[in-house]
Amino acid sequence: MFVPVEWTGRELNRFRENTTYMPGDSEDPNEDEQYHLAVTPEDVADIVLLPGNPERIEKITRFWDESEEKAHHREYRTVSGTYDGTPISVTSTGIGGPGAAIAVEELARAGSDTFIRVGSCGSIREGVSVGDLVITTGAVRQEGTSKEYVREDYPATADHEVVSALTAAAERLDYEYHLGTTMSADSFYSGQGRPGFEGFEAPGSDTLVEDLQEVNVTNIEMEASAILTIANVYGLRAGAVCAVYANRVTGEFRTESDQRASEVASLATKLLARMDEVKAEAGVDHWHPGLEL
């Protein structure tokens, strides 16, 4: 199928939406540009931040030296630039595991190897207050996307280098943070123990938060476990830092601390790049606290 080489990304997207493919055709006629994200290997850095909301991108890039939009297709908006001289990218994923999985898949195919979710969450611990940050160490896989990649008892663990970089960044910026286990759900309402339309309650939703508290889960959101699982399956690095919007124990809700999560994730990118340099200098494969940054 002939595709003019001079077409732009937007022209290619229109072509895809208005073309009927025969069974023998490739799913994506353009092998260089990713089907959903519309990015090429030249568009993205090794380390990519993954917010859900495309509007959060401005809150992230305000901390960078420079930034340039590379693509915007559906909920996927990608901007690349530098943070304190370190190459960095950000791609919005929309809400939930399926969208996040597509982003990780296509960014990995474009050459990225490290992913940091930058999002919002609800705390289920009284001491994890609205405005604090939660850095995920591992996640409960209540979402369904990761189950299509690997068996249900496979762990969704955050990469230790990413966790270390996020922790060091929060410390350096003097922001209140917590390390903990995250539960990722597919539903904002019934899947998180909230009533649905006209007060509908899913089975087990009335005790969900209490059950999670009993096993020391810290927070609830909707993307982390899919990102962590898929990254682990592919041998890539991933982690997550979320701003606490709601405390399910106290009933408090405020949409704040986005800026803190954005700044911590951006600084963590620089620290991860430095970790990689230190590992190369020391001739080792894994960073550890004995190697100074």
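Start with the lining of the largest pocket, whose residues divide into eight nonpolar, seven polar and eight charged. Here Ala, Val, Leu, Ile, Met, Phe, Trp, Tyr, Cys and Pro count as nonpolar, Asp, Glu, Lys and Arg as charged, and the others, Gly among them, as polar.

Keep in mind that this is a predicted model, where local features need pLDDT of at least 70, side-chain atom pairs count only at pLDDT 80 or more, and totals for chains, interfaces and linings use all residues. Residues are numbered from 1 along each chain as its sequence is written, and side-chain values use heavy atoms, without hydrogens or water.

Next, select R56, S120, C121, F188 and Y245: of the 23 lining residues, these lie nearest the centre of the largest pocket. A pocket is an open set of points on a 1 Å grid over the protein atoms alone, where a 1.4 Å probe fits, with protein on both sides within 12 Å along at least five of seven lines; lining residues have an atom within 4 Å of a point.

Now colour strand 5 (114-123), strand 9 (217-221) and strand 10 (237-247), the elements that each give two or more residues to this lining. Strands are DSSP runs of E, at least two residues, numbered from the N terminus. Strand 5 gives the most, with five residues.

Move on to strand 10, where eleven of its eleven residues are buried (under 20% relative accessible area, 1.4 Å probe, protein chains only). Which way do strand 5 and strand 10 run? They are parallel, joined by ten bridges; select C121 and its bridge partner V244 to see one.

Finally, show strand 6 (residues 133-141), which pairs with strand 10 in the antiparallel sense over three bridges. There, L133 has A243 as its bridge partner in strand 10. Pairing requires at least two DSSP bridges between two strands.

Definitions and conventions. Helices (H or I, at least four residues) and strands (E, at least two) are DSSP runs, numbered from the N terminus. Buried means under 20% relative accessible area, exposed over 50%, partly exposed in between (1.4 Å probe, protein chains only).
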